[in-house]
Amino acid sequence: MVPRPTFRSYYGEPVINPPRWEPLNIAGYLFLGGLAGASSVIAGGAELTGRPVLAKVGKVAALAAIGGSAAALVKDLGRPARFANMLRTVKPTSPMSVGSWILATYGPLAGAAAASAVTGWFPRLGRAATAGAALTGPAVAAYTGVLLADTAVPAWHEAHRQLPFTFIGSAAAAAGGLGMLLAPVAEAGPARRAALFGAVVETVSSGAAERGMGIVAETYRQGRAGTLLRAAKALTVAGALGGALFGGRSRTAAALSGAALVAGSVCTRFGIFEAGLASARDPKYTVVPQRERLARRSGGG
Amino acid sequence: MGVRRWIGSWPVYRQLTGPDRLGRGAAVRSRHTDGLRPRTGTADAVVKSVCPFCAVGCGQNVYVRDRQVVQIEGDPDSPVSRGRLCPKGSASLQLTTGDGRLHQVLYRRPHGTDWERLDLDTALEMVADRVLRTRAETWQWESDGKRTRRTLGIASLGGATLDNEENYLIKKLFTALGVVQIENQARVCHSSTVAGLGTSFGRGGGTTYLQDLQHADCIVIEGSNFAEAHPVGFQWVMEAKARGAKVVHVDPRFSRTSALADVYLPIRAGSDIAFLGGIIRYVIEHERYFREYVVNYTNAATLVSEEFADTEDLDGVFSGLNPQTRHYDPSSWTYEGVRVGAAAGERGTPSGDVAKDNPDVARSAHPESHGFGGPALHGQPPTDETLRHPRSVFQILKRHFSRYTPEMVEQVCGVPQDAFLEVCELIAANSGRERTTAFCYAVGWTQHTVGTQYIRTAAILQLLLGNIGRPGGGILALRGHASIQGSSDIPTLFDLLPGYIPMPHTDVHSDLDSFIAADAASKGYWSNMRAYTVSLLKAWWGANATAGNDYAFDYLPRISGSHSTYDTVLAQRAGDCKGYFLVGENPAVGSANAKLQRLGMASLEWLVVRDFNLIESATWWKDGPEIETGELRTEDIATEVFFFPAAAHTEKSGSFTNTNRMLQWHHAAVEPSGEARSDLWFYYHLGRLLREKLAGSTDERDRPLLELTWDYPTQGAQAEPSAEAVLAEINGWDAGGTPLSSYEDLREDGSTACGCWIYCGVYRDGVNQAARRRPWREQNWTGAEWGWAWPANRRTIYSRASADPDGRPWSERKALVWWDEEAGRWDGHDVVDFPATRSPHYRPPEGATGVAAISGIDPFIMQSDGKGWLYAPAGLVDGPLPAHYEPQESPLPNLLYPKRRANPVRELHTTHPDNLYAPPGGGGYPYVITTYRLTEHFTAGGMSRWVPYLAELQPEFFCEVSPELAAERGLTHLGWATIVTARNAIEARVLVTERMTPLTMQGRTVHQIGMPYHWGRNGYSTGDSANELSAFALDANTHIQEVKAWTADILPGRRPRGPALPEFVRRHRRRAGVQEHPGQER
Amino acid sequence: MAPQLIAGARLPVGAPFIGSQDAAGDTGYTDHPPRMGFFTDTSICIGCKACEVACKEWNAVPEDGQRLTGMSFDNSVGLSADTWRHVAFIEQSVSTGSGTGIGTDAGVRWLMASDVCKHCTNAACLDVCPTGALLRTEFGTVVVQPDVCNGCGYCVPACPYGVIDQREGDGRAWKCTMCYDRLGNGQEPACAKACPTESIQFGPLDELRERAARRVTQLHGAGVGEARLYGADPDDGVGGDGAFFLLLDEPETYGLPPDPVVTTRDLPAMWRTAGLAALTLLAGVAAGFLGRRPFQPGRSR
Ligand SMILES: Nc1nc2c(c(=O)[nH]1)N[C@H]1C(S)=C(S)[C@@H](COP(=O)(O)OP(=O)(O)OC[C@H]3O[C@@H](n4cnc5c(=O)[nH]c(N)nc54)[C@H](O)[C@@H]3O)O[C@H]1N2
Ligand SMILES: Nc1nc2c(c(=O)[nH]1)N[C@H]1C(S)=C(S)[C@@H](COP(=O)(O)OP(=O)(O)OC[C@H]3O[C@@H](n4cnc5c(=O)[nH]c(N)nc54)[C@H](O)[C@@H]3O)O[C@H]1N2
Ligand code: SF4
Ligand code: SF4
Ligand code: SF4
Ligand code: SF4
Ligand code: SF4
Ligand SMILES: [Mo]
């Protein structure tokens, strides 16, 4: 029979259009952007506090990650040749426009910092660039939270108060993890602490987000998103604790913990991305919260 | 670009320096955006046109740039459409300029396995040669000793998609060649309308027009899916609704029309005579008829011959039935003391009773000739204006319909009594002096073995209620194709000459005198038949038609019995018809029993197809279903096939006649490209070639062709004949060549020529009146200065009936025309359909004839008694009154006349092995099937399945079933079903929907299955054709096929493939006992 | 004064990114024509789909695929890059003899409604577009500039109505332009022009809103109590739609969100959150460097 639509949907068709973004490109972009931003901060600290290897690891990682993320972004464009149009305008209402300008500022700084670190040329300039990257890096890591939250995708928008925190947490964990993985144990203390800090922030904020979003929280717990996010949590917690407890003693433990953290961050980003897709595809996640909101409004006068 | 400018055009700079700080508007505009211009604004020309799809006839503006059509949209000035277009009209650009068209001539040689290229000139030469060869081989001077002067070797099908001018040339050329098997969609579409309305009112066109529906207080849509099949016309229903009118829809299925109706009633397909008969009974029993109207304007008071016996007396048949020939002798049906014109009554001619009881004459579809001019009666019957005389029409009517009780309606139609009575009351309450009800129908009524009588039933009801000829009243026959009305008026039909003059019949028409004597009436305008006929002959044979040679009357070939498209198919199978022109018709999909259509074509020597693309009727030899099943082998098929690409409506000038009886001119916007040519071009040049080839021939056979007037001016590099010159000939001229202005100018002395008398006036003053386009906002609602309507630009016909016998409007609310005593003429909103200066108080003197015999209270001026016919004393071959009969295939007995299941004179082709019928009661085929249209597709699909924008909206063939039937048969939503009849089986996707309702009657549940019939195997969207399942089971008056009600079985899953398919059908037949029941029983 | 963000969908008056009803005036058109819009009265829609076809013909929108969906007579499914007008078909059982004047006694009601881009007063798609491809016109409508769009795809999940989408193969985003080119030439949009029953009415938005209010009153008077306007309220979550509707059932029945919100409403808050998150990242990572010296492995507190 021609299905009789239920109260809440038109033949179960989504109300909103799910993003057409390739998960690999965009979740990858989120991850790499976060990794870059937080790595620059670590690199800056390391530079200041005389941890040359950690600094160099951070700078190179930042450049590689930001390069990768930019590549992913361009690749995802429907018209890659027109990527320069991103700088056609400055739009504070567009997180992607703001992000583009942030990237346009941060990218060259991260590049200069890394280049100087690798070649040893223009050390003074390199230091200035390192500082600049360290100061702009957090913006790179944080704005992506707004990028996702400023959409009609229920799982993202409903988390708009937490998503930037979740993302910087995940970024710190990843960057810390990478530091643990690549820098000598002796220099990696701040990386371990950054990872621990990141893991705590991420866990707390994502928990808060899920509690605040009613039925939509299902999308974080079910399906592919659920699997990814459970893995993310396990990896991140294990990596952070492992790093904190054993990372200072064992290179292997540090490396393993670091890798787990990086992987955890990857899973977080892909998990959140998938939760968003799932919430967009099922009209219930759009309609039910809106209905509840309407009911509250009329109930509350 | 300078740096300054570059910076200046950078949105960031503009954001910083201008008002659009956030970069969401003015600052971020691109140069492309600033330069946007619509192509409607940059066009070189806007050409006025008309939508080529349906008979609503929506106005179109065609935008041309650089000799290309760049856009087509609605013409806001049109009073019919007001600028709107349905999806089909909106897809006209893709239809005409898209990839769905071929622009090359193709040729398939006998036994060939593929197409070959041929150039246009060669192909035309070859076709001309074949025409001459076949004509010579099959020429027939006489048959059974009677002059025929014809060939039955050649046939032509199609015309409803063509311009009037093209139809005119086809009929003229082929008639001169002696070809009589000329047919078009009108046969399969609305032929029963012409007979039904013609015998009731004197003309076969709808009595009103779309825009007038806005004045209705109640609109009954029955037998039409108005909103889907005439979407832009439906705006007038919505307009009425917005003004408070009630809309009723009675239909087997809940359609998009039902969705917008106030009341919807599901009904069993094939039972409307019972339903309408029930309303007639209600109106009579409860005295809800409009007595003053009925007494004065209908034949209610007339007394009927004592010989007449009704179905009440004869167990469901009328007097005069000959059970052997299955044919009525209608002589007993006449009025008391009145002689019926020979042809009209199918009776004896002045020279003897040759046609009495002659099925051949009855089969000649003569009832269709009442499309303009009712049956001829001679004599003055007695009347009883008290309506109490037992033999008065009124009393006969009352007795006849007395058994059509609400209980009966419930048991026959499946409509619950209370719902039925509610509708009765609604209609009655909205009729009378102050209010009017309009009936709208289309092929849900026409396509039955009792199709003509369906229309008659509605006519009776509307006459009783006093709704004919009045604003917001009437019967609107919603016609089909863009010019199907035109192709009936200028008929590419076997039984008619232009203007509903009958084709001469071998048995009754030996010369002009006998021809006129047999058919002309002594009273009313039809008494001028001689003037109309002579003028036609003058238009065709000019100076060669003289009083001395009977105006070349003998040049006309004669018909003998039926040469309808269905008979032609059988003639093809029999090897008698060898050459076939298909010009804009696709019988392999659109005609009943598609398989027989193809088998007919496979027996031809040659076939010419003119269309936009390779429709199924052009490629069946290669990829038809019979090739798949192995019943035919391509290599064995000897038929030679020519494909000629046709020009589209934007590529030629000409007129379409829409459902308002209105001619509208469309102007060529561009020349056709490639080898595409207009049909006007094709027939003009074919005729020219034939005449060249025969030049100098002294064979008497060739004289009509050689003496034919055939000298139309041509224009342009393609030598396109002037359509306007053809229109001028259709309109006619006087001896001095001055265009005539009205059919009242026509003379029988040969001093006038006129190609179609009812169109006389369309070229009045030498002006193409059909091309008039005064915007609707600048005139009253009748839109009199937009296009030109027959007759004489009258929009509502029989409008005399909108005023009381004294000539005053029945009510102010419903004023249309009125008698202006001072001026001594009729005045009104519309051109009055009455002699303009005839006073309402005029009474003809004793013995008056012709127009002088029309009394001041005779609104039906084409009827021989001036009255609307509640009872048809002549003109129809299956009875003077409608009676409910079951469809040929029906699951139920006839409750109303238990001894008479189906129409006793329905036409069957029982002997054909591919045209078998289900046994009475359905047997193994228990479900009722009905077929219909979807808004998104058009007819046999030639103009929609090749158009992606339309095809994607309804991409697949499907059938609709109720959840109950789905459960009974294990059908699943979107799954496949196989549907099988006594003839064939097809598959369709299933839509299970509550819009289909099982009906309860006679103690059982009747399930109906709905199927659109648009699909076929070719094109962009493909599927099985519904018409693989339908049969040749025809209405006896006009040979229209019963495709609105037959029976089938339905099974889950796809149909068998290859040879397994016919085997499956045979197995089913055996199980159902088809062979034991030839279908003819009662 | 504090904008109500949670309980209602109402827009914070005077928030930095939220515009007034004068959409064109807000976006830099100083001297502009009245705001134009659509009022789609679904109670008189005959489901003919002329609007869909007329739109495709005018805009040369590609065919959208051949698929029998079984969703009643809807085979276009929803709005997309290749379907800018979409007619929904909803078959409903209703109690017999509903006497609504719209329904019938058949026990079936068949709703048909033509959906289109809402040309929101506050258009999320336009707000988030990073390139300025999306644009507010002088008529107050929202259009994509195909020569600018780089196919970033951000507008797709931003739209709360699921309207705009990216075209496969082409990469760019497409949607209804309210026939901007025609409007500029004084012509009405192709869909409205074609609509046989005037279910689609085009005109100055003010007038349409008045007309619509009258129509609802009229229908209520005729017993059609279920008639309601959708998107006509200038105080709703998007500031009112430039294309609004008269519906005969709940919005979600037609696939429309019951309480759509332009997320730009929350964007200032999101930016603040992101700023805070960035600072948190900077501080959190920096803290990891405090009081610790490099080259002193093993020494921990
Ligand atoms: N979109 C579109 N428009 C068209 C066409 C098209 O193909 N597509 N074709 C044009 C042509 S050629 C024509 S002739 C007209 C036809 O116009 P319509 O006659 O309106 O078209 P149909 O859908 O064939 O049939 C009308 C209705 O009759 C119903 N019906 C079937 N049997 C019965 C019956 O016994 N009694 C009653 N009361 N109803 C019955 C069917 O369910 C259907 O809803 O449309 C024209 N317009
Ligand atoms: N089962 C069932 N069968 C039916 C019906 C039904 O309701 N049920 N309805 C019947 C009715 S009412 C009708 S009218 C018929 C229609 O049946 P057809 O007339 O066979 O169907 P169409 O597809 O309209 O065929 C017309 C052809 O003309 C072509 N054409 C268009 N314009 C031109 C032109 O200018 N020149 C030329 N040369 N060709 C042109 C088109 O491309 C198309 O292929 O079907 C009938 N068959
Ligand atoms: S198909 Fe008929 S209703 Fe549709 S646009 Fe053409 S003429 Fe008008
Ligand atoms: S409906 Fe969606 S696409 Fe249309 S203007 Fe609003 S946000 Fe943009
Ligand atoms: S896809 Fe195009 S229109 Fe959409 S946000 Fe990106 S650039 Fe703007
Ligand atoms: S306004 Fe123009 S672009 Fe928008 S849906 Fe209508 S026709 Fe298409
Ligand atoms: S054109 Fe008008 S009536 Fe037809 S589907 Fe669109 S909105 Fe409905
Ligand atoms: Mo037709």
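**Helices, a ligand shell and the C–A contact**

Me: Over residues 26-48 of chain A, what is the helix percentage, and how far apart are the end C-alpha atoms?
Reply: Helices (H or I, at least four residues) and strands (E, at least two) are DSSP runs, numbered from the N terminus. On that count, residues 26-48 of chain A have 0% strand and are 100% helix, with the end C-alpha atoms separated by 33 Å.

Me: What kind of model is this?
Reply: Residues are numbered from 1 along each chain as its sequence is written, chains are lettered from A and ligands numbered from 1 in the order written, and side-chain values use heavy atoms, leaving out hydrogens and water. Local features need pLDDT of at least 70 and side-chain atom pairs count only at pLDDT 80 or more, while totals for chains, interfaces and linings use all residues; the model is predicted.

Me: What feature does UniProt place at residues 26-48 of chain A?
Reply: The unreviewed entry gives that feature several spans in chain A, including 26-48 and 60-78. Residues 60-78 of chain A are 89% helix and 0% strand, with end C-alpha atoms 29 Å apart. UniProt annotations may be inferred rather than shown by experiment, and here the record's label is "transmembrane region".

Me: How many residues surround ligand 4?
Reply: A residue is near if one of its heavy atoms lies within 4 Å. The closest are C117(C), K118(C), C120(C), C125(C) and C159(C). By class the shell has ten nonpolar, one polar and two charged residues (Ala, Val, Leu, Ile, Met, Phe, Trp, Tyr, Cys and Pro are nonpolar, Asp, Glu, Lys and Arg charged, the others, Gly among them, polar). The number surrounding ligand 4 is 13.

Me: How much area is buried between chain C and chain A?
Reply: Contact here means heavy atoms within 4.5 Å, and it takes 86 residues from chain C and 80 residues from chain A. Y154(C), L281(C) and F289(C) supply 11% of what chain C buries against chain A, more than any other three residues. Buried area is the accessible area (1.4 Å probe) that two parts lose on being put together, summed over both. Carbon and sulfur atoms give 61% of the total, which is about 6,700 Å².

Me: How many salt bridges are there between chain C and chain A?
Reply: A salt bridge needs a side-chain nitrogen of Lys or Arg within 4 Å of a carboxyl oxygen of Asp or Glu. E252(C) and R291(A) meet that way, at 2.5 Å from N to O. Between chain C and chain A the count is six.
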